[in-house]
Amino acid sequence: MWLTLTAICVAALCLLIAIWIKRARDQNEMEQHSITPEALHTLLASNQEVFVFDVRQPLDLLADSEIITGATRIPPRELLENPSLIPKDKDSVVYCT
């Protein structure tokens, strides 16, 4: 009985460690592909060619209808149906809520 309980605890601990490692990797990857508002502002002010896409949900637009100057609005459903709307060969920033 104790052996079974110990095995279950060890398995649960291994599962929690695996989940923690995956989350840490996902967070690291997201940080590598993210930009702060300040850095985006600097990038846009430098007149470098960068595409900005607003993919917020319609209800989120009702709450805050402001859009970054020069951004292209793409409804999320449309983007899911046609991911090629965002060019892969050019620098792009996609923002949502």
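Let's start at Arg-56, which sits in the loop between strand S1 (51-54) and helix H3 (58-63). Helices (H or I, at least four residues) and strands (E, at least two) are DSSP runs, numbered from the N terminus. A word on the source: this is a predicted model, where local features need pLDDT of at least 70, side-chain atom pairs count only at pLDDT 80 or more, and totals for chains, interfaces and linings use all residues. Residues are numbered from 1 along each chain as its sequence is written, and side-chain values use heavy atoms, with hydrogens and water left out.

Is Arg-56 buried or exposed? Buried, at 5% relative accessibility. Our cut-offs: buried is under 20% relative accessible area, exposed is over 50%, and partly exposed is in between (1.4 Å probe, protein chains only). A polar atom of the Arg-56 side chain lies 2.6 Å from the backbone oxygen of Glu-66. Contact means heavy atoms within 4.5 Å. Beyond its neighbours within four places in sequence, Arg-56 has contacts including Asp-64, Arg-73, Tyr-95 and Cys-96.

Cys-96 itself is exposed, at 52% relative accessible area. Cys-9 is partly exposed, at 47%. How many disulfides does the whole structure hold? The search finds 0 (a disulfide being a pair of cysteine sulfur atoms within 2.5 Å). For Cys-9, the nearest cysteine sulfur belongs to Cys-14, 11 Å away.

Now the cores. A nonpolar core is a set of buried Ala, Val, Leu, Ile, Met, Phe, Trp, Tyr and Cys residues joined through side-chain atoms within 4.5 Å. The largest has 6 residues: Leu-40, Val-50, Val-52, Ala-71, Val-93 and Tyr-95. Apart from it lies another core of 5 residues, including Phe-53 and Leu-79.

Phe-53 is buried, at 6%. Phe-51 is partly exposed, at 29%. Rings of Phe, Tyr and Trp (its six-membered ring) pair if their centres lie within 6.5 Å; planes under 30 degrees apart are stacked, over 60 edge-to-face, the rest tilted. That gives 1 aromatic pair. Phe-51 and Phe-53 have ring centres 6.5 Å apart and planes at 25°, so the pair is stacked.

Last, the whole chain. The protein has 4 helices and 3 strands. From the N terminus on, the order is α-α-β-α-β-α-β. Why call the protein more spread out than a compact globule? Because its radius of gyration is 21 Å, well over the 13 Å that the globule rule gives for 97 residues. That radius is taken over C-alpha atoms, and the rule is 2.2 Å times the number of residues to the power 0.38. Buried residues make up 15% of the 97.

Methods
Polar contact = N/O pair within 3.5 Å; in protein donor to acceptor, adjacent residues only side chain to side chain.
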